[in-house]
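Visitor: Hi! I'm new to this one, could you walk me through it?
Guide: Happy to. Here it is.

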Amino acid sequence: MAAAPAAGAGAGRGRRSAATVAAWGGWGGRPRPGNILLQLRQGQLTGRGLVRAVQFTESFLTERDKQSKWSGIPQLLLKLYATSHLHSDFIECQNILKEISPLLSMEAMAFVTEDRKLTQETTYPNTYIFDLFGGVDLLVEILMRPTISTRGQKLKISDEMSKDCLSILYNTCVCTEGVTKRLAEKNDFVIFLFTLMTSKKTFLQTATLIEDILGVKKEMIRLDEVPNLSSLVSNFDQQQLANFCRILAVTISEMDTGNDDKHTLLAKNAQQKKSLSLGPSAAEINQAALLSIPGFVERLCKLATRKVSESTGTASFLQELEEWYTWLDNALVLDALMRVANEESEHSQGTFASTVFPTPGTSEENGLPHTSARTQLPQSMKIMHEIMYKLEVLYVLCVLLMGRQRNQVHRMIAEFKLIPGLNNLFDKLIWRKHSASALVLHGHNQNCDCSPDITLKIQFLRLLQSFSDHHENKYLLLNNQELNELSAISLKANIPEVEAVLNTDRSLVCDGKRGLLTRLLQVMKKEPAESSFRFWQARAVESFLRGTTSYADQMFLLKRGLLEHILYCIVDSECKSRDVLQSYFDLLGELMKFNVDAFKRFNKYINTDAKFQVFLKQINSSLVDSNMLVRCVTLSLDRFENQVDMKVAEVLSECRLLAYISQVPTQMSFLFRLINIIHVQTLTQENVSCLNTSLVILMLARRKERLPLYLRLLQRMEHSKKYPGFLLNNFHNLLRFWQQHYLHKDKDSTCLENSSCISFSYWKETVSILLNPDRQSPSALVSYIEEPYMDIDRDFTEE
């Protein structure tokens with residue numbers, strides 16, 4: 001039960017002074033024994049009543065501790081408060097922190113490694129008690145004491161003390177729900193944390209805590225509010241910069257609300273209009289802030305392309321691993337590292353383990369033990385060290401490549417030779433063969449997307465996709481010999497060389513026997529059927545072909561067997577993954593578009609009716625996935641029909657696919673389904689292509705003066721479904737949205753024009769003709785919707 005203050009006890013222990021009561025919430029009653037924790041939780045939520053250990057007497061806390069087994073944490077907090085005033089020397093304060101730290105770290109380690117026995121046996125875990133009695137708020141105040149000036153001088157606390165505070169805070173965040181969010185609400189504290197990264201001793205702890213806090217922060221922090229950001233980042237060594245990229249990943253990526261509606265084009269357009277009125281987003285401001293730091297991108301490129309042999313020396317790496325072991329954010333990674341290290345170093349009889357986790361009394365001044373094992377670091381650990389860094393760096397570069405300053409980033413990445421550097425690392429690091437002891441994280445398997453090896457590969461492929469997409473620098477993915485091959489292809493076909501190829505700076509391209517694109521094709525063809533990499537590989541290669549169609553680019557890939565590989569995956573392996581199928585259909589469309597040789601190769605591979613039927617089954621199983629191929633084949637058919645050439649005539653007469661698409665019933669079937677599977681409210685960046693493919697079919701019909709025929713056939717198909725008007729009303733609404741969406745987005749309109757070789761003015765004219773309100777017009781949609789079924793003026797936001 002609760003005890004009254006001991007008679008005669010001093011003011012610091014036996015009773016609370018009026019000043020103390022006022023300082024800690026004004027609580028003045030006696031705590032009732034049965035509901036102390038409940039009262040503390042209520043005080044934490046309201047900011048009134050019981051909120052800190054200092055509101056209790058030490059004797060009372062000691063008595064209750066005997067019953068509740070609080071591990072003496074409230075009493076330690078009471079002492080910590082008494083020894084952490086502005087005029088304290090902090091020596092005793094640091095000693096108390098050393099007592100608290102192991103009580104929380106053991107619990108946090110058990111929590112992270114999923115060994116919950118400890119926390120299950122304890123009714124109130126230590127981290128929970130620490131937070132409940134005001135420990136988190138007290139540590140925040142201690143850390144921020146240097147920001148307070150007394151008599152014109154700023155206080156200083158040691159790096160070691162800061163490190164202890166940060167470690168305790170992080171352990172509490174790990175185990176106790178809500179602590180991280182509360183810290184995230186303290187914006188001045190979050191900004192202050194960045195200043196602690198100036199010290200190497202506290203850098204890793206600070207960076208990890210910041211990363212966790214920013215991960216739950218509702219509003220993105222602005223880097224331009226960080227004091228001396230440029231100086232801070234410029235003074236980081238390469239190891240610190242790589243770790244800092246983990247924080248940057250949170251600060252430069254647009255925040256995702258998690259609401260599916262935000263992914264619709266309607267919602268995105270509304271958000272863009274709102275953004276225009278509000279100015280640049282925090283992510284855009286942060287990207288600009290980073291790009292203004294001298295040498296920032298150059299250092300990232302050096303980190304991304306650094307060879308394992310050039311990375312941090314063994315001694316400093318061991319020092320970092322030692323910190324990782326005590327720093328739980330990296331505990332799982334270290335668990336994987338140590339598992340492999342043990343496999344590779346069994347002959348050393350545990351020497352390596354004793355190196356990383358030295359026993360007391362074996363350390364030198366730098367914290368490393370007296371042992372020759374410091375030079376025996378297993379190669380796999382060096383590789384994993386580099387992989388963990390590179391995937392963070394590649395992510396940051398990828399985001400910057402997709403930002404507002406894309407062209408600036410492109411120029412710098414080219415200048416600092418990122419692409420040839422990655423090419424040199426491709427075989428030995430990026431796409432190295434998995435060993436029997438391939439590194440995986442605790443609780444995951446080798447094929448899990450969380451594996452560092454796999455994450456690095458995916459991030460690498462995403463970077464290639466962003467780098468190649470609609471940019472002339474894509475030719476840096478080739479070497480000099482391969483660029484000469486492109487020129488030879490153009491010369492043989494008697495067509496002008498691609499200007500971007502002629503303008504490519506040969507000193508910046510890949511070196512070696514193969515360029516990066518060719519290396520990617522080689523591993524792509526060897527990828528197992530069930531591999532998750534197939535999607536990303538196809539996307540990366542397709543981005544090389546995107547934009548204005550280049551015959552030379554297509555032939556370069558065709559000569560390397562890409563078309564046959566795609567058809568094998570679609571037809572012979574009968575791929576079931578929708579994502580992989582979509583990426584392969586998109587790639588196949590770009591590879592075959594307007595290319596007679598590609599259609600000849602297609603017909604040679606799909607040489608039986610049985611194979612062709614399997615191919616059609618895959619196309620028809622999901623038009624959202626295959627419609628880009630349907631569009632490319634339709635456009636190619638239109639061009640071939642208008643050419644006078646024996647080679648083209650031969651392909652037209654023999655190719656099953658062209659013959660199939662040329663049939664009006666086939667085109668109408670595609671058109672009907674493409675319009676029917678989308679609605680304005682469900683349009684996304686993924687399925688809006690269905691709308692554009694339906695428009696391509698109608699634009700080509702308009703060229704042949706067959707637009708009224710196609711509209712009439714759509715009307716008949718509606719009636720055959722016993723639902724007149726449902727399709728054409730929907731199409732009318734979709735076209736109204738199309739006008740709003742594309743007439744205000746230059747990039748999208750340029751992409752439509754380049755990919756279809758149809759002028760955007762013709763796109764706009766066709767849409768205007770279809771939306772003509774004159775019911776007498778034979779090419780207007782309203783002419784084919786009977787009056788009783790007319791529903792064309794619905795608000796887009798209406799459900």
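Guide: One term before we start: a helix axis here is a line fitted to C-alpha atoms over the stretch in contact, and angles between axes run from 0 to 180 degrees. Also, keep in mind that this is a predicted model.

Visitor: Okay! At what angle do α23 and α24 pack?
Guide: Helix α23 (residues 418–430) and helix α24 (residues 452–468) pack at about 155 degrees, and their axes are 12 Å apart. Angles over 145 degrees count as roughly antiparallel, so α23 is roughly antiparallel to α24.

Visitor: Which residues in α23 and α24 meet?
Guide: On the α23 side they include Leu-418, Leu-422 and Phe-426, and on the α24 side they include Leu-456, Lys-457 and Phe-460. The residues of this contact between α23 and α24 divide into 11 nonpolar, no polar and 1 charged.

Visitor: Is the crossing of α23 and α24 left-handed or right-handed?
Guide: Left-handed.

Visitor: New topic: where does Cys-655 lie?
Guide: Cys-655 sits in the loop between α35 (646–654) and α36 (656–662).

Visitor: Buried or exposed?
Guide: Cys-655 counts as buried, because its relative accessibility is 2% and the cut-off for buried is under 20%.

Visitor: What does Cys-655 touch?
Guide: Leaving out residues up to four places away in sequence, Cys-655 touches Phe-599, Phe-602 and Asn-603. As for Asn-607, its C-alpha is 9.4 Å from that of Cys-655, with the two residues 48 apart in sequence.

Visitor: And how do α11 and α12 cross?
Guide: The axes of α11 (residues 187–195) and α12 (residues 200–216) cross at roughly 150 degrees and come within 9 Å. That makes α11 roughly antiparallel to α12.

Key: Residues numbered from 1 in each chain as written. Predicted model: local features only at pLDDT ≥ 70, side-chain atom pairs only at ≥ 80, totals over all residues. Heavy atoms only, no water. Helix = DSSP H or I, 4+ residues; strand = E, 2+ residues; numbered from the N terminus. Parallel < 35°, antiparallel > 145°, perpendicular 65-115°, else oblique. Left-handed = near helix turned anticlockwise from the far one by under 90°. Contact = heavy atoms within 4.5 Å. Nonpolar A, V, L, I, M, F, W, Y, C, P; charged D, E, K, R; others polar. Buried < 20%, exposed > 50% of the residue type's maximum accessible area, 1.4 Å probe, protein only.
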